[in-house]
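Hi,

Here is the structure I promised to pass on.

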Amino acid sequence: MILKRLFLFLLAIFPLVMVSCGDDDDGDLIGKWYRVSDFDGLARSDASSFTIGNKGYLVCGYDGTNRLSDLWEYDMDRDTWTQKANFPGTARNGGVAIAVDGKGYFGTGYDGTNRFSDFWEYDPTSNSWTQKADFPGSARYEAVGFGVGGKAYLGCGYDGNYLKDFYAFNPSSNSWEQIVSIGGSKRRGATGFVIDNKAYICCGTNNGSYVDDFWMFDPSTGSWTELREISDTSDEDYDDDYAIIRTNATAFVVDGAAYLTCGESGGVRSDTWKYSPSTDLWENVAKFKGSARTVAVAFSNGERGFVATGKSSTYRFDDIWELYPYEYDDDYY
């Protein structure tokens with residue numbers, strides 16, 4: 001009878017042991033997320049962001065009812081938000097924001113009816129916007145951009161068709177030039193980041209399929225280089241656990257490594273991946289600790305990285321989180 005009771009007791013607690021082990025496995029991943037001061041503006045998704053020094057800027061977006069045109073500044077040192085001069089163009093979501101040499105640039109996007117090709121400069125010193133030469137490609141949204149080598153680069157996206165063309169904007173001459181297109185797949189909802197004056201583009205969708213090719217752009221040569229794919233496609237074991245492909249993810253750079261998180265593939269995501277350019281390899285790190293979400297924004301000054309806003313289903317967020325990449329999350333233990 002005693003043995004029978006012991007067997008039933010062990011059988012009852014076995015599922016709890018299994019769940020606990022699963023939590024410990026996640027706790028073994030390096031990185032810890034801390035919630036910081038909530039965004040002062042309306043909860044939203046599909047906003048755009050850029051970083052200048054220790055200030056992150058969030059512009060436009062969609063609150064589920066209205067497209068927005070407000071601009072907000074986040075001070076990383078003081079953990080405070082300040083509203084700045086509204087974007088003077090048409091309220092929109094799905095645009096591209098880029099920082100170049102101490103100024104912000106913003107353009108393209110969608111207002112629910114129209115796609116845009118206008119392009120604007122924000123000067124944080126004067127807190128003012130100036131319209132610049134229109135983006136010469138087709139009006140589009142869910143494009144991707146980056147600032148490197150004193151120029152703003154913008155490409156891919158959706159204009160009724162999926163796109164892969166790319167253009168460079170020179171602020172000093174207020175002019176655009178078309179550059180060689182990114183290789184591989186056309187895409188919308190891609191993610192970009194810059195490390196050591198080289199730009200990287202990954203993720204997104206092409207005609208309903210998630211793309212797994214990964215590209216690096218070198219402005220010194222004006223050329224694209226294909227890197228290892230971000231799914232399990234090789235015969236080697238380095239990518240056996242890769243689950244990176246998604247659309248509308250967000251990324252930031254800390255200490256020369258990129259961190260990609262959130263987005264969607266089937267459902268919304270919270271898993272986070274660290275990319276090391278020296279090895280061209282990805283590592284699974286601590287999951288984003290806020291609610292799983294897509295179309296969030298990120299800020300990074302190269303030493304700190306933050307994720308804010310976004311949506312899950314019809315729910316939109318106004319929280320902001322910072323990743324401490326070298327800590328472990330004791331809450332899992």
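**What I found**

Trp 224 counts as buried, at 12% relative accessibility; buried means under 20% relative accessible area, exposed over 50% and partly exposed in between, using a 1.4 Å probe and protein chains only. Before I go on, some housekeeping: this is a predicted model, in which local features need pLDDT of at least 70 and side-chain atom pairs count only at pLDDT 80 or more, while totals for chains, interfaces and linings use all residues. Residues are numbered from 1 along each chain as its sequence is written, and side-chain values use heavy atoms, with hydrogens and water left out.

**Aromatic rings**

Back to Trp 224. Its ring pairs with Phe 217 in a tilted arrangement, with 5.0 Å between the centres and 50° between the planes. (Rings of Phe, Tyr and Trp, taking the six-membered ring of Trp, pair if their centres lie within 6.5 Å; planes under 30 degrees apart count as stacked, over 60 as edge-to-face and the rest as tilted.) Phe 217 is buried too, at 1% relative accessibility.

How many aromatic pairs does the structure hold? The count is 45. One of them joins Tyr 74 and Phe 306 edge-to-face, at 5.3 Å centre to centre and 70° between the planes. Tyr 74 belongs to strand E4 (residues 67-75) and Phe 306 to strand E27 (residues 305-308), so this pair ties together parts that are 232 residues apart in sequence. (Helices, H or I with at least four residues, and strands, E with at least two, are DSSP runs numbered from the N terminus.) Tyr 74 is buried at 1% relative accessibility, and Phe 306 is buried at 0%.

There is also an aromatic cluster made up of Phe 50, Tyr 57, Phe 87, Phe 106, Trp 120, Tyr 122 and Trp 129.

Two arginines sit over rings as well. Arg 67 lies over the face of Tyr 62, 4.1 Å from the ring centre, and the charged end of Arg 228 is over the ring of Tyr 238, 4.6 Å from its centre. (The test is NZ of Lys or CZ of Arg within 6 Å of the ring centre and within 35 degrees of the ring normal.)

(Two strands pair if DSSP finds at least two bridges between them.) Val 307 has Trp 321 as its bridge partner in E30. Strand E1 (residues 32-35) is also antiparallel to E30, again with four bridges, and here Trp 33 is partnered by Leu 323. Is strand E30 (residues 320-324) largely enclosed or largely open? It is largely enclosed by the rest of the structure, because four of its five residues are buried.

Elsewhere, four strands make an open sheet in the order E20-E21-E24-E25, with antiparallel pairing. Its edge strands, E20 (250-254) and E25 (281-285), each pair on one side only. E20 and E21 (residues 257-261) are linked by five bridges, and Val 253 stands opposite Ala 258 in E21.

**Cysteines**

You will find zero disulfides, a disulfide being a pair of cysteine sulfur atoms within 2.5 Å. Cys 203 is buried at 0% relative accessibility, and Cys 60 is buried at 1%.

Cheers
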